[in-house]
Amino acid sequence: MKIRGIARDLLQALLESARAMDEEGDGREFVAVLREEDGVIREFLFLPFTSTESSASLRYDLMPLDPHVAGSAHSHPTGALRPSDADLRFFPAIGRYHLILGPPFAETSWRCFTSDGQPFNLEVVE
Ligand SMILES: [Zn+2]
């Protein structure tokens, strides 16, 4: 699956959800699964997960068997926009592209990484 970008409105919704979780959830992490259509990430799904200030884990057993799953998005309330060791273990289970969002959850406060933890320049498309 070749991904050429992420839809701007989806990116804004992700940042907003992550900010809300940060403000209302005692700084817990936000996690979502990303879906693509025709190579553009356009949708996210929430899955049940457990999270604390430093980690979040998805219920892999509830992952949809969905060929359009492109990756994941989650927040780092600490603001470190790089994958943790735990992230690098969970990335390959959920597709190839992974967003990490951090405060202040503005349009530039996120990074994309491939499953192996390499930065990926994901284009924002309309
Ligand atoms: Zn993380």
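Guide: A nonpolar core is a set of buried Ala, Val, Leu, Ile, Met, Phe, Trp, Tyr and Cys residues joined through C-beta atoms within 7 Å. A residue is buried if 20 or more other C-beta atoms, placed from the backbone, lie within 10 Å of its own. The model is predicted: local features need pLDDT of at least 70 and side-chain atom pairs pLDDT 80 or more, while totals for chains, interfaces and linings use all residues. Residues are numbered from 1 along each chain as its sequence is written.

Visitor: Which residues have the most contacts inside the largest nonpolar core?

Guide: In soluble globular proteins, nonpolar side chains tend to be buried together. Here the largest core has 29 residues, and L14, A32, L34 and L101 have the most contacts inside it. Helix α1 gives the most, six residues. Helices (H or I, at least four residues) and strands (E, at least two) are DSSP runs, numbered from the N terminus.

Visitor: In what order do the eight strands of the open sheet stand?

Guide: Strands of a sheet pair through backbone hydrogen bonds, either parallel or antiparallel. Pairing requires at least two DSSP bridges. In this chain the order is β9-β8-β7-β6-β2-β3-β1-β10, with mixed pairing. Because β9 (119-120) and β10 (124-125) each have a single partner strand, one side of each lacks a neighbour in the sheet.

Visitor: How many bridges join β2 to β3?

Guide: Five bridges join β2 (residues 31-37) to β3 (residues 40-45), and the two run antiparallel. L34 stands opposite F44 in β3.

Notes: Buried ≥ 20, exposed ≤ 12 C-beta atoms within 10 Å, placed from the backbone.
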